[in-house]
Amino acid sequence: MPASLSTEDIEQKLDLLLDVEFSFLKTRHHAETLAALPSEKQHYLLVWIDRIASTNIQLAYQFIDQAVAVLDEMDKNTVEDWALYAMDTYDQAGLHKALAVIRDVDYFIRLNHERTYGASYEDQASVLLHFVHGLSGRQLKIDQSNLGQDLAWTDTETIYLPSLIAKLDSCHDNFLLYKITVTFLWAQVRFGTFRAPLQQILEHHDEAENVQQLFHTLESIRLEACIQRELPGLYRDILRIKTHLSINKDNSVLSDLIDQLEQPQCTSQISLELALTNLQHLQSCQSLYYQGMIKPEQVYQTMMDRIDKEKALIKISLADLEEELNKNKSKPGKLDARFTKSEEEDIERTSIEITLDDQPISVPENIRTLSKSILLDLDDIPAEYLEAAGPGEYDPELFKPKEEDPDDVWKGTYHEEGAFLYNEWDYRRQHYRKNWCAMREKSVTPVYDSFVSDTLNKYSGLIKHLRKTFEAMRDENRVLKRQTDGEEVDIDALVEALTDSCDGSEMTDRLYTRMHKSERNIAVVIMVDMSGSTKGWINNAERESLILLCEALETLDDRYAIYGFSGVARKRCELYTIKTFDEPYNSEIKARISGIQPKDYTRMGFAIRHLSKLLNEIDARTRILITISDGKPDDYDNYRGEYGIEDTRRALIEARRDGIHPYCITIDERARDYLPHMYGPAAFTVLDDVQQLPLKVSDIYRRLTI
Amino acid sequence: MNAHTLKAEEYFIKDEPFYQAVGDEIAVFEAAYNQKLPVLLKGPTGCGKTRFMEYMAWRLKRPLITVSCHDDLTASDLVGRYLISGGETVWVDGPLARSVRTGAICYLDEIVEARKDTMVVIHPLADDRRVLPMEKLGEVLAASSEFCLSVSYNPGYQSVLKDLKQSTRQRFVALEFDYPDAELEARIIAKEADIDLELAGKLVKFAHMTRNLKGSGLEEGASTRLLVHAARLIHDGISPVTACHCAIAQALTDDSEMLTAIDELSSSLF
Ligand SMILES: Nc1ncnc2c1ncn2[C@@H]1O[C@H](COP(=O)(O)OP(=O)(O)OP(=O)(O)O)[C@@H](O)[C@H]1O
Ligand SMILES: [Mg+2]
């Protein structure tokens, strides 16, 4: 048990932790309160004050007051959750919101309770996404609604969901409520809620709000009937959940209409007409939680954009298809596409037929997907959609994705935009900062200059030598003769043995041939430092090394990929693709190596995490991650010194846990101070001279994998 | 181990297998057979290729010899080898040589899985020479007129390394197989597992859900084969949700979130 601290001791510590020299915070009073606690609690709180202060001093200051007050009521786990939640809130929403978390402990406790029994978006998102992809129709995305809005809705491309559902008493039921909500919103898209001209009518109607509400009520009845037909199992869940959701259930006035709405042939147009004709004597019910809300304006916008876009896309796709099919033909054929509407409403079976000079062509996946989506909007595919676009009719640039705003990444759906979010380890907090780095894969512009041939000439002797030594490492499938056991009889050995046995000498049992299968099954990623500090000699040496290494690796069957890393702060982490595993080493790759240029800073954690992920997807017995670098991690938003080193170390620990062997080659002579801590004692090489890099890299690789 | 003592006669299929034609594949195969052209069956796993071959063998009244190719399968596994018997070496035909001699239908399943050297023996059989070189015997075996070579190939998920070479694929008449449309597939399942058509229809609907997930989390959707399995379990009294979980979901993926999602889909449907 550590010794109890006096008020003075504590005040001194607090002054340091809270940086009072600059923050001008008064710590005397707090010190007194803390001094009154038993020593174990003192130390416990000081550790947490330190951690929080590393994130924000004001936050830590507030924490002291509150923590002392609640320490007796709350168990330690809850205190820690509370502190971490406040820090996460600070990361995501700023100081103001974080302070609120600290001040309003009761709110947190309530929230914590909800978190224990509720279902959170974060935990359920990927199951829900798979689920909604499995349902038919357009592939919808899911995302969290904006903060503070806990209602669900869809714009017909994305389903927005609350971040937490805790309406019901058990985790399972709360999850079910998510699932039902997702299904309900999916049903709006799938069964054409927004094919009714709602928006046009609302624009001119005096009682727009009532119309919208009544329409929603009637549509909800219709959609539930659709769900009952389509997903009877889920419908049973709806019925059960409904009894738990308290609402004023008086919809007896609606009963006349219910019959009509529940008919399979009922449409949203009918719901809308009914809403308009009955506006005076019908009251809309309060909608049930899972029925979400409708936002006609957003839907209308999204739909209009999409309809234009998809019309163009399908026409362009047809034109591309025609061109593709006619590629090697002397007499180009005429493409013809036709749509016949099926009797039943079954989106999976709608038939588009494509023929080329009356020969049926199988419909490509992308056209099938587009036609499904178009059908959901229009309930038909107009003939003009199915005429291939003429040359220059559309500018393909129109459909290129827009240049991303780095902040957009946090708004969800980021995977499709080619950005990935990674956690980062904050050593002072002793915790990860969630989704802290946004990473994008970028390409290196190939430079076709004389660099590669110069390098090949300069090192021609070395290359020959490397190829020879590498060839000796090859392990190929080959037939081993005269084995005691094997797949086939070794006829030569057998004949000899038979002769031997005729002589009366002893007959050998080495009579088989066996196939020796290659054991060498290696995948390696080379991660090259492209930070600004590599400018000049180092960059040159790195590029030369890569060329030599590739030349040597080509004699082996090892799979290898090369990426460069750099970035400016956490929102612009960049990984430059130089060679993927699938790409063969060819003139394009060589030109990319030649095109490697120094960029910005050295943030390493995200790169290690992302490349580990790539390596893990490769089926190989041995996976290696080699970093070529010129110095320690460094980036301008605090990724200096210990923070960067600790995050990098953490990322390497994660990689090792996944069975990856990390190795580092560096030319920073001070690296011996920090590399053993990051990579472990035997997993790095420090070169004293840049010029050695090209000579050494391949050799190190050879020794690593021999 | 005494496979070599089986006579080709024993590979005759006596009872008509149930095969539900999807397009004109039966007529095309028959024509190819008459014209002595080898046939390539393309299509995803479990969509009825093997069943089709059994049916055609029955229909054409030829024995069917099936070889499932794997990455250890060598040319001599197909052609034959010397074995030692009573102090002497004797030659034993492999399945391909046996088919060539007796005029059977030889079906090489998943041809791309086999070792590259097997192509050396397949190529001369698959063009108009129709001969099988038997290197170790120093002979070239001419195929009898009833012999037919057919191979299968799943273009869906093989790695680029295993793509079928042009020189191979251009020797074959290709038949493309895919999962049958919903109504037909339901009928197949109802018949194979002896369950009612409505339930079979729901299983097919469930299969479509998993096929929607192909490419966004699943490598493949549920095949007809898996549906038949699930249907059989249901026939024996297992609940549909459990049957879908055991016979389909678990067969498709190990990813726990995906498994949950698939279970949620089946529990929504049944
Ligand atoms: N057209 C069909 N008629 C009758 N049964 C079918 C048909 N298609 C599929 N089946 C059923 O599906 C099962 C699997 O089919 P089969 O074994 O022929 O698949 P396959 O295409 O050979 O698959 P793999 O490529 O995995 O070998 C069959 O046992 C049968 O029950
Ligand atoms: Mg088969």
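Predicted model: local features only at pLDDT ≥ 70, side-chain atom pairs only at ≥ 80, totals over all residues.
**Entry: who sits at the interface.** I checked which elements of chain B give two or more residues to the side touching chain A, and got strand 3 (80-85), helix 7 (182-193), helix 8 (197-212) and helix 11 (256-269). Helix 11 of chain B gives the most, with 9 residues.

**Entry: area.** Next I looked up the burial: chain B and chain A bury about 2400 Å² between them, and 54% of that is on carbon and sulfur atoms. On the chain B side, Asn212(B), Glu264(B) and Ser268(B) lose the most area to chain A, together 22% of what that side buries. The contact draws 30 residues from chain B and 28 residues from chain A.

**Entry: salt bridges.** I found 3 salt bridges listed across the interface of chain B and chain A. One that I noted joins the side chains of Lys136(B) and Glu488(A), at 2.9 Å, N to O.

**Entry: a sheet in chain A.** Then I turned to an open, antiparallel sheet of 3 strands in chain A, ordered 11-13-12. Its edges are strand 11 (478-483) and strand 12 (488-489) of chain A. Strand 11 of chain A pairs with strand 13 (residues 512-516) of chain A over 4 bridges, and Gln483(A) has Tyr512(A) as its bridge partner. I also saw helix 20 (residues 491-503) of chain A lying across strand 11 and strand 12 of chain A, at about 10° to strand 11 of chain A.

Definitions and conventions: Residues numbered from 1 in each chain as written. Chains lettered and ligands numbered in written order. Heavy atoms only, no water. Contact = heavy atoms within 4.5 Å. Buried area = accessible area lost by both parts, 1.4 Å probe. Salt bridge = Lys/Arg side-chain N within 4 Å of Asp/Glu carboxyl O. Pairing = 2+ DSSP bridges. Axes fitted to C-alpha atoms, helices over the stretch in contact; angles between N-to-C directions.
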